[in-house]
Amino acid sequence: MTALGVLVALLTLLRNGDRAASEDYLESARDLIAKAYQTLNVIDDGGRPKNNRMHWLTSARMIRTAEHIGSKISVQSHKEIWVEELEYWRGRFYDLIHTDIEGFPETYYAEKPEHMDGYTSGVREPLSEKSLAVLYRFIKWPQDRPDSLQDECVFSDEEIETMSLFGPRGLGRLLEKVRRRRRSS
């Protein structure tokens, strides 16, 4: 009987140790991804992140390190939290670096294309292509991630009618027009 008690205590200790390690990985990964954003979120006069090579490199490195540490999370609930945390930061980074289809002007990244291959003193350092690749790949929706809105239903006609009467009226009126347009097409 004593051996069983010792075994249960030992298993509980191991389980608690695994959970604590997983929580440490989660917190560290969360901290790094937030710092990666803070590092890049230094805005220039044009409303863009400063085109500072070290900011982009540091941010990209922190993202990669956060992803590496995040991959060590072992507790399922912590894994789920980490996935959602990544989605939050993916959106924040997207808003920061993907302003529209044109993006930033070419000269934002480097004064001249040849500077991406090598530059001399007196020339603004170009942004690292590898750091750009990490950040722009990070903001893309992961192919293996299902969209949590995929199975969500659109508003019913009754809901739209209620909105038109009781609010938000602007949304209700817009959706009524959308429905009429779709029906006539």
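## Helix 7

The model is predicted, so local features need pLDDT of at least 70 and side-chain atom pairs count only at pLDDT 80 or more, while totals for chains, interfaces and linings use all residues. Residues are numbered from 1 along each chain as its sequence is written, and side-chain values use heavy atoms, with hydrogens and water left out.

Helix 7 runs over residues 169–184, 16 residues in all, and spans 23 Å from its first C-alpha to its last. This is close to the 22 Å expected at 1.5 Å a residue, the expected span being 1.5 Å times one less than the number of residues. Helices are DSSP runs (H or I, at least four residues), numbered from the N terminus.

## Helix 6 and its packing

The buried residues in helix 6 are I160, M163 and S164. Seen down the axis of helix 6, they fall within an arc of 100°, so they line one face of the helix. The face turned away from this buried side carries E158 and F166, which are exposed.

After helix 6 comes G167, which has a positive phi, near 105°.

## A nonpolar patch

F155, L171 and L174 make a nonpolar surface patch of about 260 Å². Patches are built from residues with over 30% relative accessible area and no salt bridge; nonpolar side chains (Val, Leu, Ile, Met, Phe, Trp, Tyr) are joined within 5 Å, like charges within 9 Å. Accessible areas come from the Shrake-Rupley method with a 1.4 Å probe, and for residues only the protein chains shown count as cover. F155 is found in the loop between helix 5 (129–138) and helix 6. With a relative accessible area of 39%, F155 is partly exposed.

## Salt bridges

The structure holds ten salt bridges, each defined by a side-chain nitrogen of Lys or Arg within 4 Å of a carboxyl oxygen of Asp or Glu. One of them joins the side chains of E85 and R30, with an N to O distance of 3.2 Å. This pair links distant parts of the chain, since E85 sits in helix 3 (residues 76–97) and R30 in helix 1 (residues 2–40), 55 residues apart. E85 is buried, at 17% relative accessible area, whereas R30 is partly exposed, at 28%.

R48 and D44 form another salt bridge, at 3.4 Å from N to O. R48 counts as partly exposed, with 24% relative accessibility. A further salt bridge connects D157 and R183, whose closest N and O atoms are 3.2 Å apart. D157 lies in helix 6 and R183 in helix 7, so the pair ties together parts that are 26 residues apart in sequence. D157 is partly exposed, at 39%, and R183 is exposed, at 56% relative accessible area. Elsewhere, salt bridges that share partners join E84, E87, R90 and R145 into one network.

## Helix 2

S59 is found in helix 2 and counts as buried, at 0% relative accessibility. Leaving out residues up to four places away in sequence, S59 touches A36, T39, L40, F93 and L135.

T58 is placed in helix 2 (residues 53–70) as well. At 24% relative accessibility, T58 counts as partly exposed. T58 and L40 are 18 residues apart in sequence, and their C-alpha atoms are 8.3 Å apart in space.

Methods. Helices (H or I, at least four residues) and strands (E, at least two) are DSSP runs, numbered from the N terminus. Buried means under 20% relative accessible area, exposed over 50%, partly exposed in between (1.4 Å probe, protein chains only). The arc is that of the directions from the helix axis to the C-beta atoms. Contact means heavy atoms within 4.5 Å.
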